Amino acid sequence: MTIELPMAQRDMMFQILSNSEPLSEDKRQEVLDSPVFGTVFTDHMVDICWSEKGGWHRPRVQPYGPIPLDPAAAVLHYGQEIFEGIKAYRHDDGSIWTFRPDQNALRMQRSAKRMAMPELPVDYFIQALRELIAVDGDWVPSAAETSLYIRPFMFAKEAFLGVRPAKKVAFYVIASPAGPYFGGAVDPVSIWLSTTYRRAAKGGTGGAKTGGNYAASLLAQTEAAEHGCHQVLFLDSETGTNIEELGGMNVVLVYKDGTVVTPKSDTILAGITRDSVLKLAEERGHAIERRDVGIDEWREGSASGDIVEAFACGTAATVVPIGQLKTPDFTIGSEDATPGELTMSLRKELLDIQHGRIPDVHQWMMRLDQ
Ligand code: PLP
Ligand code: COI
């Protein structure tokens with residue numbers, strides 16, 4: 001391991017500890033040629049500490065590897081943890097860009113607030129991405145529709161079994177080359193409606209990106225898989241009649257008259273992908289409605305032909321058509337459903353912006369490698 005000079009002209013002075021045993025160029029290329037989501041990680045990671053006394057301190061980039069953790073660390077007992085998901089894209093000229101990182105940074109602050117954790121300043125969040133790309137930029141793949149998935153996360157590392165907000169927290173950033181989340185081409189995915197389990201309750205943590213929400217979704221996700229479905233759709237916990245979101249994606253419906261509808265609730269994660277595609281749809285003249293959406297509305301609208309498309313969206317998944325929704329009582333759509341026209345064209349426009357193939361008129365992109 002070699003210690004290099006900290007990077008200058010940055011808000012935080014990062015110490016750079018280089019990995020003395022990085023993956024060989026050949027092996028890395030093999031991974032980049034056909035990345036499988038979330039399986040192989042780059043050579044380095046960002047590590048920043050926070051303590052009640054010292055604030056944010058000791059920022060560094062270090063070799064990717066196990067994190068030393070006291071068995072009494074609060075995260076292991078009470079789940080005080082939050083995370084983000086964001087991608088880096090290689091453009092045709094070799095430059096490396098990311099998409100709306102300020103929005104991820106702000107959402108992480110909101111998640112931190114809800115989970116009684118310190119808020120990482122937006123600038124530090126963005127600088128952490130830059131520092132990682134400065135050492136691991138070669139890991140950003142260039143093949144069509146590939147990217148480097150970046151996972152910033154923060155957890156309570158104080159060794160203390162009393163139940164209160166931790167006084168010591170760690171922030172890390174790891175990254176992993178990514179291809180399509182569901183693998184293969186853009187085939188419509190099938191969704192299972194969970195009528196047994198709820199993901200989030202009013203006043204709970206559904207709007208925060210915290211591990212517990214995902215833990216709570218796993219049994220329902222297993223149920224979905226048992227019914228041959230890719231993902232699970234949750235209903236609201238109060239009435240059990242309105243759709244909320246999938247385990248790791250937002251849901252959007254498209255009406256015959258062009259209206260685009262998505263559930264609105266504090267218990268849903270405010271997706272940056274959804275916000276972006278709805279903006280693109282709005283600019284094309286589509287009416288956008290953010291409101292309660294009943295499962296009956298989806299069922300009846302599909303049967304009458306009023307609802308013509310449904311899609312899921314999120315950073316990892318991008319935009320994916322929903323082919324079929326299965327429930328214990330009825331099924332919407334068919335196994336051989338074809339992707340919706342608006343779904344595919346919004347998907348294309350978003351990916352074209354992210355991959356630098358069309359002008360970024362919204363100034364959503366930020367260059368990371370300079
Ligand atoms: N909902 C949940 C539960 C998620 O995990 C995600 C993924 O991050 C989303 C929605 C979509 O959010 P975004 O588009 O910001 O990735
Ligand atoms: C993301 O899309 O970034 C997520 O965090 C969702 C997760 C299921 C991979």
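1. Let's start with where ligand 2 sits. Domain 1 (7-179) and domain 2 (189-354) both give residues to its shell, so ligand 2 lies between them; the domain bounds come from an automatic or database assignment. Around ligand 2 you'll find Phe37, Phe83, Gly85, Tyr149, Arg151, Tyr181, Lys209, Gly248, Thr315 and Ala316, where a residue counts if one of its heavy atoms lies within 4 Å.

2. A quick word on what you're looking at: this is a predicted model, with local features needing pLDDT of at least 70 and side-chain atom pairs pLDDT 80 or more, while totals for chains, interfaces and linings use all residues. Residues are numbered from 1 along each chain as its sequence is written, chains are lettered from A and ligands numbered from 1 in the order written, and side-chain values use heavy atoms, without hydrogens or water.

3. Now the polar contacts of ligand 2 (pairs of N or O atoms within 3.5 Å). A polar side-chain atom of Lys209 is 2.7 Å from a ligand oxygen, a backbone N or O atom of Ala316 is 2.8 Å from one, and a side-chain N or O atom of Arg151 is 3.4 Å from one. The protein buries 88% of the 280 Å² that ligand 2 exposes when taken alone (Shrake-Rupley areas, 1.4 Å probe).

4. On to ligand 1, which has 17 residues around it, the closest being Arg107, Tyr214, Glu245, Thr273 and Thr315. Glu245 has a polar side-chain atom 2.5 Å from a nitrogen of ligand 1. Of the 390 Å² of accessible area that ligand 1 has on its own, the protein covers 97%.

5. Finally, have a look at the cavity. The structure holds 1 cavity of 30 Å³ or more, meaning a set of points on a 1 Å grid over the protein atoms alone where a 1.4 Å probe fits but cannot get out, with lining residues having an atom within 4 Å of a point. The largest cavity has a volume of about 110 Å³, taken as the space filled by probe spheres set on points joined across faces, edges and corners. Of its 13 lining residues, Tyr89, Phe99, Thr273, Thr315 and Gln354 are the closest to its centre. Domains 1 and 2 both contribute to this lining, so the cavity lies between them.

Conventions:
On a 1 Å grid over the protein atoms alone, a cavity is a set of points where a 1.4 Å probe fits but cannot get out, and a pocket is an open set with protein on both sides within 12 Å along at least five of seven lines; lining residues have an atom within 4 Å of a point. A polar contact is a pair of N or O atoms within 3.5 Å; within protein, one must be able to donate a hydrogen and the other to accept it, and residues adjacent in sequence count only if both atoms are side-chain atoms.
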